[in-house]
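Please open the model in your viewer and keep the sequence panel beside it. The tour below goes from one selection to the next.

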Amino acid sequence: MKTILFMTEANNYMSLSIKERLENAAYNVITVAADIDAVNQVKEPLDGILIFANDKLSSQQQSLAFLKDRAVMEDIPIFMVGDTEDIKTVNTIIPKNLIQQEFVRPVNVNNMLESIDNFIRQYNIKLKKKILVVDDSGTELRKAKEWLENKYNVFLANSAAMAIKYLALNRPDLVLLDYEMPLCNGQQIMEMIRAETEFSDIPVIFLTNTGNKDVVMKIKELKPEGYLLKSMEPSQIVKSVDAYFEKKKENEIKHFSNSQSVFQRR
Amino acid sequence: MSVLSVPGLRTVSSTFFTNMKLVHIMFIGVMTEQVCKIQGIQQKIPLLLILKAAELRIGIRMIINKILLPVSAAIVAAAYWQDQQNRQKHKKKMINAIKRRDDLLQTVNRMADMLLRYDADDFDSTVYQCMGMLARAIHADRMYLYKSCNENEDDCFTKLYEWPENTRLLSNNDSDSGMEYVENTSKPNKTLMSGNSIHCLVCNMPKDDQERYDSRHILAVLLIPVFVHNKFWGYVGFDNCHSKQLFAKNEESIVLSGSLIIANAILRYEYVNTLQDSAVKLESALEEARKANNEKSDFIAKISHEMRTPLNAVIGLSELTLNNAGIDEEAATNLDKINSSGTLLLRIVNDILEISKMKSGKAVISPDRYDVSGMISDAVLQNVLRIGSKPIRFELNIDENMPAYLFGDELRIRQIINNLLSNAIKYTEKGMVKLELSYKNDEDNAWMTITVSDTGIGIQPENLERLFTDYLQFGPASQHQTDGTGLGLAVTKNLVELMEGTIRADSKYGEGSTFTVKLPQGVVTDKVIGPDAALNLKNLKYSADRRKQKERLERIRIPYANVLIVDDNSINLKVVKDHMKPYGMRIDCVTSGQAAIAAMREEKIRYQAIFMDHMMPEMDGVEAVRIIREEIGTDYAKTIPIIALTANAVAGSEEMFLQKGFQAFISKPINLTKLDYIINHWIRDKMLLINGIDVQKGIHYSGSEALFISLLGDFYNLIDLKAAKIENGLAEGSIRDITIEFHALKNTAKTIGAEKLSEMFTRLEQYGNTNNIKALESELPEVMKEYRSFKPVLRPFGEVEEEEKETASETRLISLLNKLRSAMGNFDLDSADQTIKQLGRLHIPEPCQQQMEALKAYVADVDTEETIRTTGEMITKLIELTIEEKRGHE
């Protein structure tokens, strides 16, 4: 579920309307006033920040500055809506180049939200790593999505067919594959993936119910990037995925710096 | 010698003297004298004889010897005999008279006896009997009793009784009797009225009166007046029709007393009757007064209840809105004023209720163990704010030997302190208000003394006495501000007396007042407050901390709970619902007991608790609870917690509600802390296991509460589909397929915390893996039953109720289905979920309903292929329907 921070001092109809529509579009909306403590308290990862500019808000320089810093650090897109004058005032604290989209009143709320939504989707796609989760149980898929989607873009496939379909059109950064799928089991899917040169280097991590030695041995033969036990705590699973990407990054840096040093030496 | 004075005899005697011896003459003379003495009339006879003898010149001797002497002797003898006879007669007469008098007296005695002992029913007959007895005793033919009545200033009489009983008691003036009887004879009237009785023969009466009596053959009459308290009341009369008999003087007095006895008995009877009548009238007047009083009390209670309901809305809603962040200052100030006015008004209503309850004797003390310092600080806190900006110093002194806990009615004691303190502050402009508490132990009672003193305007001595009566406020009109109604002291006094304590007021006008209350409390502990706590209280430190504690209310969300609120008043419903919103529960509202009962019967949704208004018009809360508990029959109905919402709460009602089948009660306006406690205790803590779902585990395995909720919905939506699939699969023998399902369901059940169900599916999976068809066939039905039992429990998570659904055009439905289709195709589960939710809120045309249910299941299972297939089918169907409709119109 995508999360938006909605900063507004006005408690008027428009603010409420915006909030409601965002929620209808499946966003989790966190409303805050321009109060530094309130802003500080928001710990959730944000997909976007929407600022409703009015004269009261403009005077709250500190909290605006705080928000700006966070957006820069965490790469969160900022959107703003308000009167021309008010927008100008806020711009003195948050420069225009940091604001992705500005909406001047009077504004059609639906259009505004659609625009914001589209932007965020695309933004996410650009920034976050894509993970494809394959499992025949809808519940397991949803669980995985819930655990991972804060940090990653998660796509779900409940059968081999759908998995292949996805792979045909998209290149995920990681595939989490359920080993014990009934119809076309994980092993077979793995083989299919490795068979295609296009997908063969896509990293795959198995998810399995059993810690059975034989099974483990079998899995290892297929050379996955790793395997995770489904019985692990959700947080553990997320950490393992994070760890995988971290390691990958490190390797890339190492590799890069090696090549760099090669340059430098020249 | 008188004899000798008779002239003839002189002549005779002179003749005799010449021829007689002296002795003879003397003898004759004496004889004659004797005879004359005895027989007055007959004195002539011996004279005649002597004269005759003289005429005949018979010799004296012969006369004397032969005639005179014997004759004289005979005469004397006769006279003596006569005399004896007369004496006898006289004696007899006397004896008779005495006997008669004796009889009379006895009669009167008996009469008196009878009259003393009469039976109320028999009074009349007793009177008649007595009258008869008396009349007969004096040989009267008639006896009557008349009562005087002064109508139109004419004296007239009413005949009350007459003997013989040829007429019954007449209460009205009777024409044939005494009215004219005495009316026209002024004489008896006046005589009677002056206290004399009339006692005479008719023939001796004046002519005109005689006629009256003659016509009725009355010969003699006796009329005796009767006086009551020196006032003429009436008279008693006797008629004698057969002899002209008059009563002797001494008899008359007895007759008089006899008649008076009867008269007085009648009087007494009348008095008694009058008294009884008065008593009855008093009784009914008293009854009416009591009834009126009760009606008044009921009226007051009812009015107060009516007033509490809108007050509840005013206070509750203003409070809730004040708690919303983001209202501007002006609105907040106004809301605050509204809230405090509402609170004040409620306080007045409560005061009125208290007084009326105490006056009708319905107020009760409900003692319990309480924390003394807590009570004091609560009471003080409530009041220190009242000081506001006045230059008043507040002092609190508490005896450090005061026990830490006592047994008494904390609520009421706080009320008393509250009343006294608010008065002290109100009537003091500057200076000091002091509250002191001390303690003294005597045997098994602890006496708590509460003293409130101030340096206010004081009370004038003449007002001191009237201080505790209702509705009075002393002091200049400017003092009669917002706080208080003047009822305070009356309530206080009543409360103190209800607790068997004492209260008194001392004051010096212009300098200040002191109120002293002494209350007996029960001892429960030896532990005392101690010097530290006493000092803390003195500095109001303890209280400040507690206050902070109370302010922060952290509400724990319970989104998986379902709650039913029952209240006939829609505003109240909203207020209660708003109070519960922060908990995130699903809240359903109904406006009648019947609706609640129906919901419990149908079990469409399983609720974790019911909040029920105590008093509703059609069927009140108590009755509804009774029916739910006793007539539905399911364990669910018997054990679901039902909490009473009442405007009428008074300490002590707790037992009443518990007895009537409620688990708890909460009074309006709702106290947030109490509500939090109730929700936590009766809903959250009990919900750790819903129908076998371990909520905590479920949240844990799911990873988050939000996901847990959403998974519950998915689980619900899949039940029908999966259960049918499994049952058909077994019937067709596709063991491998259903084993796959068991595997999945085993995991899913575990994820949502349904451990028992998960174990069942595990077992079935094993049977499936080992192809144990027999075991499958025997155990499957039970497992399916358990599986399906989750439907009513989880329904609210996966289903929107029909009533809440909206209608939509086919076009809109098609557009949504398309959206769903492409979302699933694009691996955009969020959009897909959102779209299926939207679809879930709409009415689906009948031909597509089954597919809709299936669609929900497919999306829950992230089954893209099936979703795409089904949406395709549904869209086709809808297009067909649209075309048919259009055709229909044409």
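**Confidence in chain B**

Start by colouring chain B by pLDDT: this is a predicted model, and chain B averages a pLDDT of 78, with 80% of the residues scoring at least 70.

Now select residues 167-187 of chain B, where pLDDT stays under 50 and the model has 25 contacts beyond four places in sequence. Residues 477-485 of chain B also stay under 50, with 9 such contacts. Where pLDDT is low, the predicted coordinates should not be read in detail.

**A helix pair in chain B**

Select helix H10 (residues 329-359) and helix H14 (residues 488-498) of chain B; they pack at an angle of about 45°, with their axes 10 Å apart. That angle makes H10(B) oblique to H14(B), and the crossing is left-handed.

Show side chains here. From H10(B), B:Asp351, B:Glu354, B:Ile355 and B:Met358 meet B:Gly488, B:Ala490, B:Val491, B:Asn494 and B:Leu498 of H14(B). By class, this contact has 5 nonpolar, 2 polar and 2 charged residues.

**Where the chains touch**

Move to the contact between the chains, which takes 24 residues from chain A and 23 residues from chain B. On chain A, select helix H7 (138-148), strand S7 (153-157) and helix H8 (160-169), each of which supplies at least two residues of the side touching chain B. H7(A) gives the most to that side, with 9 residues. The side of chain A that touches chain B has 12 nonpolar, 6 polar and 6 charged residues. For the complex, the predictor gives an ipTM of 0.73 and a pTM of 0.47.

Note on methods
Residues numbered from 1 in each chain as written. Chains lettered and ligands numbered in written order. Axes fitted to C-alpha atoms, helices over the stretch in contact; angles between N-to-C directions. Helix = DSSP H or I, 4+ residues; strand = E, 2+ residues; numbered from the N terminus. Parallel < 35°, antiparallel > 145°, perpendicular 65-115°, else oblique. Left-handed = near helix turned anticlockwise from the far one by under 90°. Contact = placed C-beta atoms within 7 Å. Nonpolar A, V, L, I, M, F, W, Y, C, P; charged D, E, K, R; others polar. pLDDT = per-residue confidence, 0-100.
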